[in-house]
Amino acid sequence: MTGRTHWRKSSYSEGGDGNTCVEFAEVDGQVAIRDSKDPSRGTLTVPAGSFASLLQSLKAPTA
């Protein structure tokens, strides 16, 4: 999944060496997630809809 896959870093990963967050890539209707500090270690792959729901939950204000 590292060949021609277009990995993107979180916009929050710019602090320090810029390598302290996660990267993600869209692959065949799935979202692959990996650690930017050690990208060769492996990926977590989830359906794109589930990833979108996760992001919405993280952005929602807390009560």
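The largest pocket of this predicted model is lined by 14 residues, of which S10, F24, F51, L55 and L58 lie nearest its centre. A pocket is here an open set of points on a 1 Å grid over the protein atoms alone, where a 1.4 Å probe fits, with protein on both sides within 12 Å along at least five of seven lines; lining residues have an atom within 4 Å of a point. The volume of the largest pocket is about 320 Å³, taken as the space filled by probe spheres set on the points, which are joined across faces, edges and corners. Two or more lining residues are given by each of β2, β3 and α1, and α1 provides the largest share, five residues. Helices (H or I, at least four residues) and strands (E, at least two) are DSSP runs, numbered from the N terminus. The lining comprises nine nonpolar, two polar and three charged residues (nonpolar: Ala, Val, Leu, Ile, Met, Phe, Trp, Tyr, Cys and Pro; charged: Asp, Glu, Lys and Arg; polar: the others, Gly among them).

Four strands form an open sheet in the order β1-β2-β3-β4, with antiparallel pairing; pairing requires at least two DSSP bridges between two strands. Strand β3 (residues 30-35) runs antiparallel to β4 and is joined to β4 by four bridges. Q30 has P47 of β4 as its bridge partner.

Residues are numbered from 1 along each chain as its sequence is written. Local features need pLDDT of at least 70, side-chain atom pairs count only at pLDDT 80 or more, totals for chains, interfaces and linings use all residues, and side-chain values use heavy atoms, with hydrogens and water left out.
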